[in-house]
Amino acid sequence: MPKVCLTDKQKAQARQARRDKFVSESLLSYKAKAGLTYADMAERLGINVQSLRHIIQGKPCNLPFSVFWGVLDMVREGKS
C-alpha cells in the first residue's frame with residue numbers, strides 16, 4: 001500500500017476524530033453498563049441532554065472544566 005503524506009492540519013483532524021470516537025464509545029459503554037438514560041447522564045454531569053448528545057456525536061461544544069472532568073470519569077468507568 002502506498003504511503004500517504006498528510007498535512008499537519010489533516011493529522012490534527014485525524015487525532016481529534018480518534019479522540020472523539022474514543023470518548024463517544026466510552027460514554028455509550030458507561031451508559032449501557034450503568035443502565036442510564038441520556039437524561040440521567042446529563043443530570044449527573046449538570047448539563048442539558050443536547051450538550052451530552054453533542055459530546056457523543058463528536059460535535060464541538062463549550063463546557064466548564066468540572067463537566068469535562070465528569071465526562072473523563074465516565075469514560076474511565078466505561079472502559080474499565
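The protein chain carries 14 positive and 7 negative side chains. The centres of these two sets lie 9 Å apart. Lys and Arg count as positive here, Asp and Glu as negative, while His and the chain ends are left out of the count. Each charge is placed at NZ of Lys, CZ of Arg, CG of Asp or CD of Glu.

The model is predicted: local features need pLDDT of at least 70, side-chain atom pairs count only at pLDDT 80 or more, and totals for chains, interfaces and linings use all residues. Residues are numbered from 1 along each chain as its sequence is written, and side-chain values use heavy atoms, without hydrogens or water.

The protein chain contains 4 helices and 0 strands. Read from the N terminus, the order of elements is α-α-α-α. The radius of gyration is 15 Å, well over the 12 Å that the globule rule gives for 80 residues, so the protein chain is more spread out than a compact globule. This radius is taken over C-alpha atoms, and the rule is 2.2 Å times the number of residues to the power 0.38. Along its principal axes, the C-alpha trace spans about 45 × 25 × 20 Å. Helices (H or I, at least four residues) and strands (E, at least two) are DSSP runs, numbered from the N terminus.

Of the 80 residues, 24% are buried. Buried means under 20% relative accessible area, exposed means over 50%, and partly exposed lies in between (1.4 Å probe, protein chains only). The protein chain exposes about 5900 Å², and carbon and sulfur atoms supply 56% of this area. Areas come from the Shrake-Rupley method with a 1.4 Å probe.

I55 belongs to helix 3 (residues 49-57). I55 is buried, at 11% relative accessible area. Leaving aside residues up to four places away in sequence, I55 touches V23, L27, I47, C61, L63 and V71. A contact means heavy atoms within 4.5 Å. I55 and V71 are 16 residues apart in sequence, and their C-alpha atoms are 9.1 Å apart.

F22 sits in helix 1 (residues 8-34). F22 is partly exposed, with a relative accessible area of 41%. F22 and G35 are 13 residues apart in sequence and 20 Å apart, C-alpha to C-alpha.

Cysteines were also examined. C5 is exposed, at 74% relative accessibility. C61 is partly exposed, at 31%. The disulfide count is 0, where a disulfide is a pair of cysteine sulfur atoms within 2.5 Å.
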